[in-house]
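Work through the exercises below with the model open. Each task is followed by a stepwise solution.

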Amino acid sequence: MSRSFDVVVIGAGPAGYIAAIRAAQHGMTVACIDKWQNFDGSYAFGGTCLNAGCIPSKAMLESSELYHRATHEFKKHGIVTGEVSLDVAAMQKRRAGIVRQLTGGIGGLFKANKVEGLVGHGKLLAGKKVEFTPVDGDPEILEAKNVVLASGSVPIELPFAKFDREHIIDSWDALELDAVPERLGIIGAGVIGLELGSVWARLGSTVTVLEAMDDFLAMADRDIANVAAKDFKKQGLDIHLGAKVSATNVDNGTVTVTYTDKAGEKTLEFDKLVVAVGRRSFTDGLLAEDSGIALDERGRIIVDEECHTHVSGVYAVGDCVRGVMLAHKGSEEGVMVADLIAGEIAEVNYDVVPSVIYTAPEIAWVGKTEAEVKASGRPYKTGSFPFAASGRAKAMEQTSGMVKVISAADDDEMLGVHIVGPMAGELISEAVLALEFSASTEDLQRTIHAHPSLAEAVHEAALAADKKALNYINR
Ligand code: FAD
Ligand code: AMP
């Protein structure tokens, strides 16, 4: 007899495992299937985020930042060290340890919440049946009252720069390099390209980033992107905008990249080339032909606002559906879907999903950019505050950047907050809460902020929107 569950989730990344846990918390019987296999052959829950994305990248960003500070900034603080040297193997061991702990933790969470974690491949059949093929056994059919598809995404491969895992590599390979490449090329100045470029540049690589678009960080507010571009240049990241890569060739361990910019065709040589041109929804082997699930023109599973597919009782969440490819967006969709299955009212507020780029300085924003507000025609006001005027930022020796608040001129509603500077990824949470609660600028202005804190910059930027900044000259 086949096993049956109230909910079967396929994929245990941040979208799937969170959906599974929340569904189990509602008292439902839940199974969560995942087939993720690491380079060392081990299987692990956690998906891209925990194994090859958010977590290992942040571990490497932290280690490389500390190395950079030790070699470039300690002196300023009056700290004299001997020669600071690099042990990439130890750095990678720390990264792997963090990943192992967190992915192992999901197994513990599954146990505690009574989610059945199944290691293997899941395939949606017709009639809400799921074929589960364990990594070491025969296929089994699971009956499900509800199915949640959370199969995530994979790196986009360029036809003229095929991954060989040695010289032309993806973001996962780039996080696990065992030595610092002398010349590192990166195609794509998006979030992933910039984070990886920062890691290896701090550790000593000469990094060149080739970006097809003319605008740097086109999705960010222009004021913020301009500050970041200057800082990255100072750090030695050589970012070529308007540079479209059209060919690569690997010969004798050297990757030759051909690209075209305004001046014409050029070539560059690298020891490693990271292709970071975005990710695509991953549904290979996920859907039986008669499953009834439809994909859009970009291969994403088609869902409505509530992440329901065309098939009643089948949902899809995270990177495999429309919207930004961010872990927290997927997790919130997972929570929403589990709550909806349990009969509760639930929704995701897609207008207030924060974005963070974990470079130094960090970049973070929520809500609309100034260009978007301008285009909407709504009258608006802006206020900004530079970290150079923040006591805490000065004490940290991290004064580059600013906070910018954009608010409606008519009813004072906060429309967007944009930060480039120290701990921007942490600071943005206050702005997310403000936007989620439809705060007015005055609400934030009247909120007490601890002194001295970086968060005071958010407070002062809100004050500046009404020319009431207290620690900076209003303009
Ligand atoms: P995934 O995490 O991709 O998980 C999908 C899972 O489904 C995988 O484990 C896969 O093995 C499994 N699966 C797929 N098909 C099947 C099947 N048929 N049967 C069984 N299992 C299957 N986002 C952030 O928010 N913050 C960050 O700082 C951040 N940094 C990133 C850095 C890098 C280098 C990368 C690559 C990504 C980063 N992201 C970040 C994006 C983030 O990783 C994704 O948005 C997130 O992992 C999406 O979650 P998901 O659950 O939808 O999919
Ligand atoms: P993201 O989607 O944020 O990960 O960013 C990927 C970036 O890669 C985008 O900014 C694209 O413009 C860029 N890109 C895609 N194809 C190419 C190419 N052939 N040459 C250079 N940049 C590219």
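## Exercise 1: the shell around ligand 2

A word on conventions before going on. This is a predicted model, in which local features need pLDDT of at least 70 and side-chain atom pairs count only at pLDDT 80 or more, while totals for chains, interfaces and linings use all residues. Residues are numbered from 1 along each chain as its sequence is written, chains are lettered from A and ligands numbered from 1 in the order in which they are written, and side-chain values use heavy atoms, with hydrogens and water left out.

Step 1: pick the nearest residues. There are 15 residues around ligand 2, and Gly188, Glu211, Ala212, Ala243 and Val245 come nearest. A residue is near a molecule if one of its heavy atoms lies within 4 Å of it.

Step 2: list polar contacts (pairs of N or O atoms within 3.5 Å; within protein, one must be able to donate a hydrogen and the other to accept it, and residues adjacent in sequence count only if both atoms are side-chain atoms).
- Glu211 places a polar side-chain atom 2.6 Å from an oxygen atom of ligand 2.
- Ala212 has a backbone N or O atom 3.0 Å from a nitrogen atom of ligand 2.
- Val245 has a polar backbone atom 3.0 Å from a nitrogen atom of ligand 2.

Step 3: check the cover. On its own, ligand 2 has 510 Å² of accessible area, and the protein covers 75% of this. Accessible areas come from the Shrake-Rupley method with a 1.4 Å probe; for residues, only the protein chains shown count as cover.

## Exercise 2: the shell around ligand 1

Task: which element gives the most to the shell around ligand 1?

Solution. Step 1: find the nearest residues. Of 36 residues around ligand 1, Asp34, Thr48, Lys58, Gly122 and Ala327 come nearest.

Step 1: classify. The shell divides into 16 nonpolar, 15 polar and five charged residues.

Step 2: take the polar contacts. A polar side-chain atom of Thr48 lies 2.7 Å from an oxygen atom of ligand 1. Polar backbone atoms of Met325 and Leu326 are each 3.3 Å from an oxygen atom of ligand 1.

Step 3: compute the cover. The protein covers 95% of the 1,000 Å² of accessible area that ligand 1 has on its own.

Step 4: assign elements. Helices (H or I, at least four residues) and strands (E, at least two) are DSSP runs, numbered from the N terminus. Those giving two or more residues to this shell are β2 (30–34), α2 (47–52), α3, β3 (115–124) and α8 (327–341). The answer is α2, with four residues.

## Exercise 3: helix α3

Task: is Glu65 buried or exposed? Compare Arg69.

Solution. Step 1: locate both. Glu65 lies in helix α3 (residues 54–72), and Arg69 is in helix α3 too.

Step 1: read the accessibility. Buried means under 20% relative accessible area, exposed over 50%, partly exposed in between (1.4 Å probe, protein chains only). Glu65 is buried, because its relative accessible area is 12%. Arg69, at 22%, counts as partly exposed.

Step 2: list contacts (heavy atoms within 4.5 Å), leaving out residues up to four places away in sequence. Glu65 touches Arg202 and Ala360. Arg69 touches Phe74 and Gln398.

## Exercise 4: cores and a buried helix

Task: how many residues has the largest nonpolar core? Why is α13 largely enclosed?

Solution. Step 1: define the core. It is a set of buried Ala, Val, Leu, Ile, Met, Phe, Trp, Tyr and Cys residues joined through side-chain atoms within 4.5 Å.

Step 1: count. The largest core has 33 residues, and Leu217 is one of those with the most contacts inside it. A second, separate core of 31 residues includes Tyr17, Ala19, Ile106 and Tyr315.

Step 2: turn to α13 (residues 455–464). Ten of its ten residues are buried, so the helix is largely enclosed by the rest of the structure. The cover includes β19 (380–386), β20 (402–408), β21 (414–421), α11 (424–436) and α12 (441–445).

Technical notes: Contact means heavy atoms within 4.5 Å. Ala, Val, Leu, Ile, Met, Phe, Trp, Tyr, Cys and Pro count as nonpolar, Asp, Glu, Lys and Arg as charged, and the others, Gly among them, as polar.
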